[in-house]
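Open the model and turn it until the helices and the sheet separate by eye.

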Amino acid sequence: MLSKYSDENKKIAMGFLSYINDLKDLNNLEQELQLYSEDENRQLYLWKSNMEDYSGIVALSFSDNTVFIEYISLNPSYRSQSNVYKIFDDVQQKFPDLVILGNFSLSKQIQQWRQNKQKLEKDMKEKENS
């Protein structure tokens, strides 16, 4: 589940962002939060894997037809491909009319996620028709 970042969650967000090498420096981290607060085409979302505490943060930027995943930073105990796929699902659910793209390190995972979804949909249709 994605929840839009707000200042009341600043410490939680800072914790997840501090896992990113470029943001370990407090000044860089503060600038990053400010960038996402000031630019309406950029949004931060905290992610919950279930109804427990937040498990990570997702940085998104938007253009006409796309939502671009800048990065995902997860609590170390939640770092798995299945959780990344759940985040992709949540982003797609939140922005159903936009195409999901990602940074260089995420683009291959997004491609695999799409292929997985297509295979699941195909399998479901085949079951319905048999």
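Start with helix α1 (residues 10–17) and helix α2 (residues 26–38). Their axes come within 11 Å and cross at roughly 120°. Axes here are lines fitted to C-alpha atoms, for helices over the stretch in contact, and angles run from 0 to 180 degrees between N-to-C directions. Helices (H or I, at least four residues) and strands (E, at least two) are DSSP runs, numbered from the N terminus. α1 and α2 are therefore oblique to each other. By the scale used, angles under 35 degrees are roughly parallel, over 145 roughly antiparallel, 65 to 115 roughly perpendicular, and the rest oblique. The crossing of α1 past α2 is right-handed, a label given when the near helix is turned clockwise from the far one by less than a right angle; anticlockwise makes it left-handed.

Which residues make this contact? From α1 come Lys-10, Ala-13, Met-14 and Leu-17, and from α2 come Leu-26, Leu-29, Glu-30 and Leu-33. Contact means heavy atoms within 4.5 Å. The set divides into six nonpolar residues, no polar ones and two charged. Ala, Val, Leu, Ile, Met, Phe, Trp, Tyr, Cys and Pro count as nonpolar; Asp, Glu, Lys and Arg count as charged; the others, Gly among them, count as polar.

A word on the source. This is a predicted model, in which local features need pLDDT of at least 70 and side-chain atom pairs count only at pLDDT 80 or more, while totals for chains, interfaces and linings use all residues. Residues are numbered from 1 along each chain as its sequence is written, and side-chain values use heavy atoms, with hydrogens and water left out.

Now the whole chain. It holds four helices and five strands. Along the sequence they follow the pattern β-α-α-β-β-β-α-β-α. The C-alpha trace spans about 60 × 35 × 25 Å along its principal axes. Of the 130 residues, 38% count as buried. Buried means under 20% relative accessible area, exposed means over 50%, and partly exposed lies in between (1.4 Å probe, protein chains only). Among contacts with a separation of 6 or more, 54% join residues 24 or more positions apart.

Next, the sheet. Five strands form an open sheet in the order β1-β2-β3-β4-β5, with mixed pairing. Two strands pair if DSSP finds at least two bridges between them. The edge strands, β1 (2–4) and β5 (99–102), each pair on one side only. Neighbouring strands are turned by 35° against each other on average, direction ignored.

Follow the sheet from β1. This strand pairs with β2 (residues 42–47) in the antiparallel sense, over three bridges. Lys-4 stands opposite Tyr-45 in β2. α2 packs on the sheet, touching β2, β3 (56–62) and β4 (66–74). The direction of α2 makes about 110° with that of β2. Helix α4 (residues 104–129) also packs on the sheet, touching β4 and β5, and its direction makes about 140° with that of β5.

Move on to β3 and β4. They form a hairpin with three residues between them. Their pairing is antiparallel, over seven bridges. Leu-60 has Ile-69 in β4 as its bridge partner. β4 is mostly covered, with seven of its nine residues buried.

On to β5, which pairs with β4 in the parallel sense over four bridges. Thr-66 stands opposite Val-99 in β5. Val-67 has Ile-100 in β5 as its bridge partner.

Helix α3 (residues 81–94) and α4 pack at an angle of about 75°, with their axes 10 Å apart. α3 and α4 are therefore roughly perpendicular to each other. From α3 the contact takes in Gln-81, Val-84, Tyr-85, Phe-88, Asp-89 and Gln-92; from α4, Leu-106, Gln-109, Ile-110, Gln-112, Trp-113, Asn-116 and Lys-117. These residues divide into six nonpolar, five polar and two charged.

One last stop in α4 is Leu-120. Leu-120 counts as exposed because its relative accessibility is 57%. Leu-120 and Gln-93 are 27 residues apart in sequence and 17 Å apart in space, C-alpha to C-alpha.
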